[in-house]
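Subject: Structure handover

Hello,

Here is the structure for your set. My notes follow below it.

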Amino acid sequence: MKYIAPESIDEALSLLNSESESCVFAGATDLIPQIRGGMSEPRLIVDLKSIPSLVNLSCIDGAWKVGAATPVAVIKDNQELKNELPGLSEASGLIGSDQIQNRASLGGNLCTASPGADTVPSLIVNGATAVIVSKAGTRTMPVADVVTGPGSTSLKSGEFVVEFVIERPPPRTADAYQRFIPRTEMDIAVVDAAARITLDESGQCTGVSIAIGAAAPTVVRVPVAEKALMGKLIDDEILKEVMAAASEACDPIDDKRGTKEYRRQVAGVLAKRVVLKAVERAEKRGGSS
């Protein structure tokens, strides 16, 4: 197996197209365990972390732009991003240990295509777009459309994600993320959830997005819960509808970490909690963004 760390996107693309059994990585926090677990070794691995634009975090022209290989430690520690996207910041800070967070990235977390990836629900509720490159050029895709199943993505051979674009949230808009794990830290989510809420001056919900992870082959949106919240002042009765809809939207598996019924129940509880936290934060985000 050959290792190369190119310093430009063009060089990375050239390397990928020079060897059929090749792959890129943006941290290797999943790749190395997979190889040790018996995955066939690629002949060439291309490390994206030496490409400056892929390890960059900036807010330009009303949007956050996050290089696909940017360490999640950088994301969680950026105070401006934390103020505007606290849910994404929270999710980034829950990936593994401090050491892992200095290698792990949003690109890797997404493209490993684990149903329980921490940052993907937050990216989806915030309407994040993935910028994808290949020898044919550049294309964009909603993050929600990248993962097609466990370990499977819609990326074509020779393509990789270079950047995520997230529009800055308008006033009185906020997100939140929570997960349930058996241990206190460094574990994989049994179920996780993210929500983004926009409120008007009277407290009515004028924008909402809810996503549940680790309870289906891919992260799932909960449109029934979103419809229940739209145009409403959020109260206990509506939150019961949210919980029921989140449980119903799941398609979980039975395993040693939880039964289907348990995961559905947890999904409902987490959906309620992230909605309430997002509402609390949105009420504090007045003024112009």
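In which helix does glutamate 261 have its place? Glutamate 261 is in helix H11, residues 260-284. Helices here are DSSP runs of H or I with at least four residues, strands are runs of E with at least two, and both are numbered from the N terminus.

A word on the source. This is a predicted model: local features need pLDDT of at least 70, side-chain atom pairs count only at pLDDT 80 or more, and totals for chains, interfaces and linings use all residues. Residues are numbered from 1 along each chain as its sequence is written, and side-chain values use heavy atoms, with hydrogens and water left out.

Back to glutamate 261. Its relative accessible area is 55%, so glutamate 261 is exposed. The cut-offs: buried is under 20% relative accessible area, exposed is over 50%, and partly exposed lies in between, with a 1.4 Å probe and protein chains only. Serine 247 is 14 residues away along the chain, and the two C-alpha atoms are separated by 8.9 Å.

The sheet

Five strands make an open sheet, ordered E4-E5-E10-E6-E7, with antiparallel pairing. E4 (57-60) and E7 (137-142) are the edge strands; each has a single partner, so one side of each has no neighbour in the sheet. Neighbouring strands are turned by 25 degrees against each other on average, direction ignored. Two strands count as paired if DSSP finds at least two bridges between them.

Helix H1 (residues 9-18) packs on this sheet and touches E6 and E10 (160-167). Contact means heavy atoms within 4.5 Å. The direction of H1 makes about 140 degrees with that of E10. Axes are lines fitted to C-alpha atoms, for helices over the stretch in contact, and angles run from 0 to 180 degrees between N-to-C directions.

Strand E6 (residues 129-134) is worth a look. Five of its six residues are buried, so E6 is largely enclosed by the rest of the structure. Six bridges join E6 to E7, antiparallel. Among the bridge partners, valine 133 faces threonine 138, and valine 131 pairs with threonine 140. A hairpin links E6 to E7 through two residues. E6 also pairs with E10, antiparallel, over five bridges. There, threonine 129 has valine 165 as its partner.

Strands E11 and E12

E11 (residues 173-180) is mostly covered, with six of its eight residues buried. Eight bridges join E11 to E12 (residues 191-199), and the two run antiparallel. The partner of glutamine 178 in E12 is alanine 193.

Backbone points to check

Most residues other than glycine have a negative phi. Aspartate 61 has a positive phi, near 50 degrees. Aspartate 61 is in the loop between E4 and E5 (63-67), and is exposed at 75% relative accessible area. Arginine 172 also has a positive phi, near 55 degrees. Arginine 172 lies in the loop between E10 and E11, and counts as buried at 12% relative accessibility.

The second largest pocket

How much space lies in the second largest pocket? About 270 Å³. Of its 17 lining residues, Pro115, Ala214, Ile253, Asp255 and Arg263 are the closest to its centre. The lining has 11 nonpolar, two polar and four charged residues. A pocket is an open set of points on a 1 Å grid over the protein atoms alone, where a 1.4 Å probe fits, with protein on both sides within 12 Å along at least five of seven lines; lining residues have an atom within 4 Å of a point.

Best regards

Key: Grid points are joined across faces, edges and corners, and a volume is the space filled by probe spheres set on the points. Ala, Val, Leu, Ile, Met, Phe, Trp, Tyr, Cys and Pro count as nonpolar, Asp, Glu, Lys and Arg as charged, and the others, Gly among them, as polar.
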